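Here is a short briefing to read with the model open beside you. Take a look at the structure first, then work through the notes.

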2 protein chains.
Amino acid sequence: MLQPDLIIQGGTLLTLVEGEKPLLHATLLIQGDRIAGVLAPGEERPPFKGVQVLDATDSIVMPGLVNAHGHTAMTLFRGLADDLPLKQWLFEKIFPAEAKHLSEETVYWGALLGCLEMIASGTTTVSDGYFFQDATARAFQKAGLRALIAQGVIDFPAPGVPDPAQNLAVGKAFIERWNHASDLIRPGLFCHSLTTCSDKTLQEAMALSQEFSLPLQVHLSETEEEVEEVIRRSGERPVLHLAHLGLLNESLIGVHAVHLEDEEIELLARNRVGIVHSPESNMKLASGMARVSEMVKKGIVLGLGTDGCASNNNLDLFKEMDTAAKLSKVATLDPVNMGAATVLRMATVWGAKVLGLEKQIGTIEVGKKADIITMDLRKPHLVPLYNPMSTIVYSASGSDVKDVIVNGRVLMKDRTFTALDAEEVMARVREISDRIRA
Amino acid sequence: MLQPDLIIQGGTLLTLVEGEKPLLHATLLIQGDRIAGVLAPGEERPPFKGVQVLDATDSIVMPGLVNAHGHTAMTLFRGLADDLPLKQWLFEKIFPAEAKHLSEETVYWGALLGCLEMIASGTTTVSDGYFFQDATARAFQKAGLRALIAQGVIDFPAPGVPDPAQNLAVGKAFIERWNHASDLIRPGLFCHSLTTCSDKTLQEAMALSQEFSLPLQVHLSETEEEVEEVIRRSGERPVLHLAHLGLLNESLIGVHAVHLEDEEIELLARNRVGIVHSPESNMKLASGMARVSEMVKKGIVLGLGTDGCASNNNLDLFKEMDTAAKLSKVATLDPVNMGAATVLRMATVWGAKVLGLEKQIGTIEVGKKADIITMDLRKPHLVPLYNPMSTIVYSASGSDVKDVIVNGRVLMKDRTFTALDAEEVMARVREISDRIRA
């Protein structure tokens, strides 16, 4: 007989499986790290022994969110520099702060702070690209979040990688240390961009990623300036250039993809490249408005990411969903496209697919990993409830998340962190920020 | 000797007075409905007797937010209809739902629900335009919020005003009932738009508003279609048409102002017309992107409003500030304009000025009304703190507001409502929504 370890009962269950409707007063059964079953309201519940029960009365129960692009430890620089011209922001503020202040220690605490923020706002899987990634991986492991942790690769001296000739060797060693080392952590590589990585670096990073069957992330066509620089160097637009380098394939994750021509969208779709949309970062840095509804129409799998805290400045995917829907509507002057159901899929099952995790997470289905969140609806801004997806996307915030379960483990219960000491993490980051400020 | 009734101590005080810096560990003294004094950390504090003390340790203390445009009772329709073409949304969903379900009773409970949501997200003053406004005014009075409550005027049969020939008489009677009836409530008129009100109606509404020294609100150039209709009817663009009708003056509040030509911006600035920006509504309904940074440069006083819950779908001005900054940056492809300090002013002192209340509210100054909020910073997404204004605009949400004081009265303490029974209000609106759904 099925003996669950954890049951979540009484909530409105949104499985996000295509075609399935919300199930009222459902009971979700979790056994070990897996979803073991769903009982409908009428179904008899066997007398489970010693099971942990989460009460989801007046709550939505849904898959945890997938933050498909971030630089988690950049929480350290949240609010350090805003409202500046892009080059001044990057070269006078962010890069110098990173060069001076990033270390195994600071990245660890910065990543833990980001993990707390993401747990508190219902994110259960994160794709991270940064430096000192052993520290990031340790932080995510400690936090209990699922993550793709990618070592940054750039053809310049970088934090933790002073000699760029070693960037791929460092990346390979990182992959070897973390591959299959944890049920929750997958390692990978993150090539910074086509203007900061040579063709050779990009090709070698792809070969290495494919050798280990891991995705390769790259910032792609984020700004018009970047596109122009690629054209100046290579004679062709970024996506065409990647095609000529033989890099357009299912292992590639293109992040931002703001400035694309029709032909590039076609190429990305045909080659099943995963794309991650980060609308709040694109807005705050004035990068532009990605053609997301056209990408969806062409069949591109689109995830949603917050980007780092220096360019957003928060890691709340609920806000990002709301903004993704609204920005696309105003950009196209069409209120119909990118509706609530679409952006909710971006933040869950599509994001999982971009990261190659769609068989494990992204929907509530028996046999999938138990990455689940509940949202308390007993709040004025979530009343009335006509349509749960509309409520989630247009009315809710991350702070409405009540419980967070990853891999069957409760990481937040009734808004109390169960796996991390939030006070300690905040205190350590405040100390680090005092050094950065000085 | 000064004997305060309420003191707020230990917080970081943001007065928002031009040129004043954040004051750490300050004590704010409130006497009756007024701000009575500020003690700096070193200053000796007399032994006040019987005073209520709010602890603001690790909190920001700042002026309450001003929601300069909304239709509060539309909380009733939150999530009823989304992601639809504008005309279908309005004519097939919202107008029929309003015609069938609005009444003194439903507007009262819908407005109370909106009041709860706004209190919970730090709004202390609201400008509302709708129908059955006696009910709205009673709700705001019960809630203890400061408000400009404007009776809707439209040349069609409207909820509560079946005969449009009576629309201004109804408005005048409403003004006479509420003018000077309460310290918190100011009545007024809200002409729906230039396409739904005749020139004569607009002129008479302005004459009536000026007779009582009250502002007149009007939806202005919200959509391209509306602008074209005004041109078809009058031969000129909306702002020029208003100028020819003699309606451009300090009493006029133009809401939305999305589609403006240079000449119109000049005219609005020269005539000191107040403008209210509602970026989330403009995005969700795909109305367009207002030229806010140009308006600010021309000296137009710009407030910020959430609009109604059917087109947003929330009343959280923190989200609206974040979006206002980010949307302007991406619309202009310039990350510098509409920085955190500017949008924070829009949501406080500028909004107060648009509503004609700048002598009473909008900043923390001795003698002004005590409309104050505190925000708890002991949360992962608000750490570290380099710049309070950046934290407020780009990282915080309404749910970070801890205490809310309006007119010296505590409406929320440590996130518990002190003046309203939230459970009752939510239950009543759920009942009404069951009728609307059916």
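A residue counts as buried if 20 or more other C-beta atoms lie within 10 Å of its own, exposed if 12 or fewer, and partly exposed in between, with C-beta atoms placed from the backbone. This is a predicted model, where local features need pLDDT of at least 70, side-chain atom pairs count only at pLDDT 80 or more, and totals for chains, interfaces and linings use all residues. Residues are numbered from 1 along each chain as its sequence is written, and chains are lettered from A and ligands numbered from 1 in the order in which they are written.

**Confidence**
- The scores for the model are ipTM 0.97 and pTM 0.98.

**Helix α11(A)**
- Helices (H or I, at least four residues) and strands (E, at least two) are DSSP runs, numbered from the N terminus.
- α11 of chain A covers residues 317-332, and 15 of its 16 residues are buried, so the rest of the structure largely encloses it.
- After α11(A) comes A:L333, with a positive phi near 55 degrees.

**The sheet**
- Eight strands of chain A form an open sheet in the order β6-β7-β8-β9-β10-β11-β12-β13, with parallel pairing (two strands pair if DSSP finds at least two bridges between them).
- Its edge strands, β6 (65-70) and β13 (302-304) of chain A, each pair on one side only.

**Residue A:I185**
- A:I185 belongs to strand β9 (residues 185-193) of chain A.
- A:I185 is partly exposed because 19 other C-beta atoms lie within 10 Å.

Conventions:
Expected span 1.5 Å × (residues − 1).
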